[in-house]
Every structure is written in C-alpha cells, then in structure tokens.
Amino acid sequence: MVVFGTGASNGIGIGKAAVVRDIKPEVIKTFVSDVVAEEKRFLDTLEKTKEETENMIKVLADKVGEKEAAILEGHILLMSDPALIDEISKIIKNDSVNAEFAVESVCDLYAGMFASMDDELMQQRAADMNDIKLRLIKELSGIKSVDIASLEEGSILIAEDLTPSMTSGLDPHAVYGIVTELGGRTSHSAILARALEIPAVVACKEIISSVKDGDIVCFDGEKGEVYINPDEEKKKFFEEEKNIYLTKKRELEAYKGKESITKDGYKAELAANIGNPNDAAKALEYDAEGIGLFRTEFLFMDRNNVPSEEEQFEAYKKVASLMKGKPVIIRTLDIGGDKEIPYLGIEKDENPFLGYRAVRLCLDRYEDLYKPQLLALLRASAFGDIRIMIPFISCVDELRKAKALINELKKELDEKNIAYNKDIKVGIMMETAAASLIADILAKEADFFSIGTNDLTQYTMAVDRGNDKVSYLYSSLNPAVLRSIKNIILEGKKAGIPVGMCGEAAADKLMLPLLLAWGLDEFSMSASSILELRKSIINYTRKEAIEIAEKAMEFETEEEIRAYLRKVC
Ligand code: PEP
Ligand code: MG
C-alpha cells in the first residue's frame with residue numbers, strides 16, 4: 001500500500017512503524033468463555049504498564065525534572081492498589097466479560113468517587129485514574145501510546161503532527177524516519193527533522209488510518225511516497241536506495257575544507273541554522289563557515305519557566321566559543337504563530353500568524369523576557385563574533401526601539417564594568433512584505449539583513465505556511481516572492497550592508513543561480529545541506545548565474561519559472 005505526502009527531510013526511511021496517536025479507545029462489552037485467560041491478560045497488561053511507567057519516570061526525571069516524574073509515581077501506587085486489582089478481576093470472572101470492559105467499569109467508579117470529594121488532591125487522583133484507565137485499555141486493545149523519547153531503534157515515527165518540543169526530544173539514533181499527517185516542508189517539525197538528519201514525510205493525510213504498530217514502512221524523504229508493508233522487491237529497492245544515498249553523502253566529504261566560490265571567483269559564505277548550542281558541533285562537522293540563524297526559542301521549550309539570563313549567557317557563550325571567531329547570528333525570541341510556549345501565559349490570538357509574536361511580544365515583555373535575553377547576548381559577545389538578529393520586523397520603529405534598548409543595556413554593562421563587544425552588529429530578519437517594501441529605509445539602520453523566506457513567502461503570498469490545502473501557493477519561486485527577494489538583496493547591497501538568507505530557500509538548488517546573480521553574501525541552512533550547496537556553487541560561474549536569473553525573471557508564473565530552472569540547474 002502507498003500513501004502520499006510531502007517530502008520534508010532527505011534520506012531513505014526504512015523501519016517499523018511506531019504510531020503516536022491520542023485516540024480514546026471505544027470499549028465494547030463482550031463475553032469471554034475463558035475467564036482465567038482473560039484475567040491473566042489483564043494482570044499481564046497491568047504488570048507491563050507498571051514497568052513502562054517505571055521507565056517513563058526515569059526518562060522524565062532526566063529530561064524534565066524530578067517534580068514531573070513524581071506524578072507518575074502516583075500512577076504506580078494506584079496501579080498497585082489490591083482493592084482495585086481485585087475488583088477488576090472479580091468482574092472479569094463473575095460476569096465473564098472482557099478485560100477492557102472490566103477496567104473501564106472499575107476505573108470509572110474510582111475516578112467518580114475521587115472526583116466527588118471536595119479535595120484538590122483527590123480531584124487530581126481522579127485525573128490520574130482516568131489516565132491509568134486509558135493506558136490500560138490502550139494496552140489491552142493493542143493501541144500503543146509511544147513514548148517518543150525511548151522508541152526502539154529502527155522505529156519510523158508515525159503521528160498526526162509533532163510539536164517542536166516533541167521532535168527535539170527524539171533520539172535520532174533510534175528513529176529511522178518520521179511520517180506525519182499534518183505540517184509542511186517548513187513546519188518546525190520538518191525543520192528539526194532535517195537538523196537531526198532524520199528522513200521525513202509530512203502532510204501524509206491517510207497515514208494513521210493506513211498503518212499499525214510494527215508494520216514495515218519505507219519511504220524516500222525527498223519524494224513523499226510512503227510504502228506500508230511493501231513486497232520484498234520494493235523493500236530491496238529502498239535498501240539499495242538507502243545505500244546510494246549514504247554513499248553520495250560520503251562523497252560530499254570531499255567538499256569539506258573547500259571555499260564556497262564560483263569558477264570565476266564569487267565567494268559566498270555558507271552557514272548553519274541551529275536550535276541549540278549542541279547543534280554548533282554538528283555545524284562544524286559539516287564545515288559551516290558560521291551560524292546564520294540560532295533559533296533561540298528552542299531554549300525556551302521543553303521546560304516550565306523562562307531560562308534565566310545566566311543560563312542563556314552560558315548557551316550563547318558555548319556557541320560563540322565552539323565557533324571560534326566565526327560569525328554567530330543569534331535571533332532574539334521568535335514565538336507566536338506555530339511556536340507556542342505554554343508557561344508564558346500568552347492568550348491565543350485569533351490569527352496567531354498576524355498577531356502578538358516575535359519582536360512585538362518581546363518589546364512588550366521587556367523586563368521578564370527581552371531584557372534577560374539581550375543582556376545574555378551582549379555578555380556572550382565578549383567570547384566570539386555574536387551578532388544580534390531581530391525577527392519579524394514590519395516597520396523601522398521596531399528596529400529603533402530594539403536598538404535603543406540594546407544601547408541602554410550597553411550603558412548598564414559599562415557601569416558595571418562587564419565585558420561585551422561594543423561594536424556588536426544588530427541586524428534584522430526580512431520576512432514580511434512590509435519589510436521588503438521598505439528595505440531601503442531599514443538598510444540605513446540595520447547592520448545586516450537575513451531573508452527569512454519561510455515567512456516571507458507566507459506573508460507575501462498571504463498563504464499559511466502550514467496549511468496543505470493552500471500549499472500550491474506556498475513556493476518561494478513565485479514571481480512575487482522572487483521580486484521581493486531581489487529587492488531586499490539589491491537594497492541591502494546599495495546601502496553597503498551584508499545580506500544573507502536563512503529560510504529554507506537558501507538551500508534550494510533551483511534558487512541558487514538567482515541568489516548568486518543578485519549577490520547574496522551568506523546562505524544559511526541545515527548543516528547537512530551545506531556540502532551539497534558548496535558543490536553546486538563551485539560548478540557555477542557568476543556570469544552563467546546572471547544569465548539564468550535574467551531569463552527566469554521574464555516568466556510570469558511559478559510553474560514556468562520552476563520548469564525553466566529545472567532544465568538549466
Ligand atoms: C523564516 O521565516 O524563513 C525563518 C528562517 O524563520 P522561522 O522558520 O523560524 O520562522
Ligand atoms: Mg520566520
């Protein structure tokens with residue numbers, strides 16, 4: 001069986017399906033003839049669920065904290081209650097009914113009892129009881145709740161969608177692939193899958209209803225076709241493809257240590273996008289010439305409170321030190337839109353992509369959010385070439401305000417004699433239609449531009465970047481987006497400031513000749529794409545690129561442009 005989605009992270013995924021689904025199982029009362037076997041099925045399931053809970057406690061304690069882990073200790077206590085076990089067993093034996101039904105009846109009774117007590121602790125017990133009930137019934141019915149952090153090696157993770165925090169909790173050595181029903185190429189789960197080098201297909205609508213735990217799943221993360229339980233021949237084909245892919249990857253090693261320079265001497269800088277300090281090591285492994293985008297929001301995820309100034313300082317300093325003097329562009333907190341941080345207590349906007357996000361929110365929450373981050377960035381700038389980047393700018397006032405705050409904080413640091421880079425560069429992301437239209441104005445006050453094509457495409461085409469119903473509009477090769485990109489680069493160049501790109505289009509080989517032609521200085525992408533792009537750059541002359549760009553811009557539709565570029569690239 002084949003189901004179709006959108007290729008989101010290159011590579012060949014072959015492995016066993018591990019389905020993450022949060023469905024409430026429907027329990028049907030059935031009569032059983034062998035009550036002894038049915039009771040055993042219940043007791044075995046109970047033991048297994050307890051063991052799994054013990055494991056989850058260990059993982060949770062390591063990853064999140066002892067406090068969260070303690071909640072699950074309560075689950076173990078409830079599951080060990082002899083009265084509860086006895087009552088479930090009795091119902092199975094006396095009424096000759098299935099274990100699922102007995103579990104539901106008794107757990108509902110207990111939960112109801114706890115819920116009726118006027119005590120907060122007891123109310124919590126009721127919720128715990130419901131959790132246990134669901135886990136037991138799922139286990140009995142063969143519906144697996146997969147603990148993402150401890151998936152078996154060789155799993156293909158199948159889910160409706162993955163939040164960034166879920167994805168960042170993955171063990172990349174265990175997960176051989178990801179397939180989701182929702183999302184798009186630039187959703188954060190896809191971006192993280194690329195960063196972790198896990199092959200992925202997203203927007204695969206029928207995947208959950210088509211696959212069950214343990215099924216063999218094979219797919220090509222570039223093409224988006226997902227095969228479920230393929231025949232031997234197909235499986236062999238994918239195994240060969242995987243070998244070819246891995247060989248090609250090894251061949252790219254030859255481009256390490258080379259300059260990213262065209263045949264006629266146009267030199268570009270190839271940098272990496274990262275989400276946490278440890279990714280910097282990976283960036284260096286792929287020979288990144290700098291960090292073009294550090295998405296700091298990931299430091300704020302997977303936890304229950306704002307990381308302190310000190311904690312952030314350590315993280316930024318670590319990246320700066322690892323990169324040993326190479327440029328490190330750190331973006332200030334960019335949340336809102338599809339990036340939520342529950343503990344910040346931000347009300348959900350009716351239209352989150354156009355609402356209270358990124359710099360808008362930071363300027364508003366200066367004391368608790370922006371100030372500690374800016375101070376941490378300034379202090380860390382004493383340890384490397386850190387540059388501050390402000391996201392989601394839509395008017396010059398926002399840039400002025402952010403710069404004024406940075407200048408105030410510099411004075412504070414001066415007074416305290418704390419070291420920082422006095423010439424620290426403050427640049428902006430160019431990712432709204434407004435920013436593009438006033439690129440000339442912004443270029444006078446920004447130290448650099450970095451084009452965020454993921455959002456620039458969204459805000460230029462008025463198309464939600466994660467909505468697959470309108471994904472036909474979501475392409476950076478639309479003439480409107482290309483004109484916008486060209487304008488930003490040319491205005492930046494005119495003002496004499498460097499212009500980079502950190503959206504996904506920076507690694508797109510079809511886009512490459514256009515960006516070389518217009519004079520993009522820095523291309524920032526997933527570390528794993530760097531060597532391939534370097535290989536492509538080395539094969540161009542700037543002259544060829546200019547000819548291609550001129551011709552491409554004569555076409556009127558995305559389709560024509562894409563077809564032409566496919567022919568010549
Ligand atoms: C972008 O919008 O292109 C970008 C790089 O930022 P993000 O994907 O984090 O919104
Ligand atoms: Mg963006």
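Ligand 1 is surrounded by 14 residues, the closest being Arg 295, Arg 331, Gly 452, Asn 454 and Arg 465; a residue counts as near a molecule or strand if one of its heavy atoms lies within 4 Å of it. The model is predicted, so that local features need pLDDT of at least 70 and side-chain atom pairs count only at pLDDT 80 or more, while totals for chains, interfaces and linings use all residues. Residues are numbered from 1 along each chain as its sequence is written, chains are lettered from A and ligands numbered from 1 in the order in which they are written, and side-chain values use heavy atoms, with hydrogens and water left out.

A side-chain N or O atom of Arg 331 lies 2.9 Å from an oxygen atom of the ligand, and a polar side-chain atom of Glu 431 is 3.0 Å from a ligand oxygen. Thr 453 contributes a polar backbone atom at 3.1 Å from an oxygen atom of ligand 1. Taken alone, ligand 1 exposes 290 Å², of which the protein buries 100% (Shrake-Rupley accessible areas, 1.4 Å probe).

Eight strands, S9-S10-S11-S12-S13-S14-S15-S16, form a closed barrel with parallel pairing; strands are DSSP runs of E with at least two residues, helices runs of H or I with at least four, numbered from the N terminus. Two strands pair if DSSP finds at least two bridges between them. Strands S11 (residues 327-331) and S12 (residues 385-390) pair in the parallel sense over five bridges, and Pro 327 has Asp 385 in S12 as its bridge partner. Helix H13 (residues 366-380) packs on the sheet and touches S11 and S12, its direction making about 155° with that of S12. Contact denotes heavy atoms within 4.5 Å, and angles run from 0 to 180 degrees between N-to-C directions of axes fitted to C-alpha atoms, for helices over the stretch in contact.

Terms used: A polar contact is a pair of N or O atoms within 3.5 Å; within protein, one must be able to donate a hydrogen and the other to accept it, and residues adjacent in sequence count only if both atoms are side-chain atoms.
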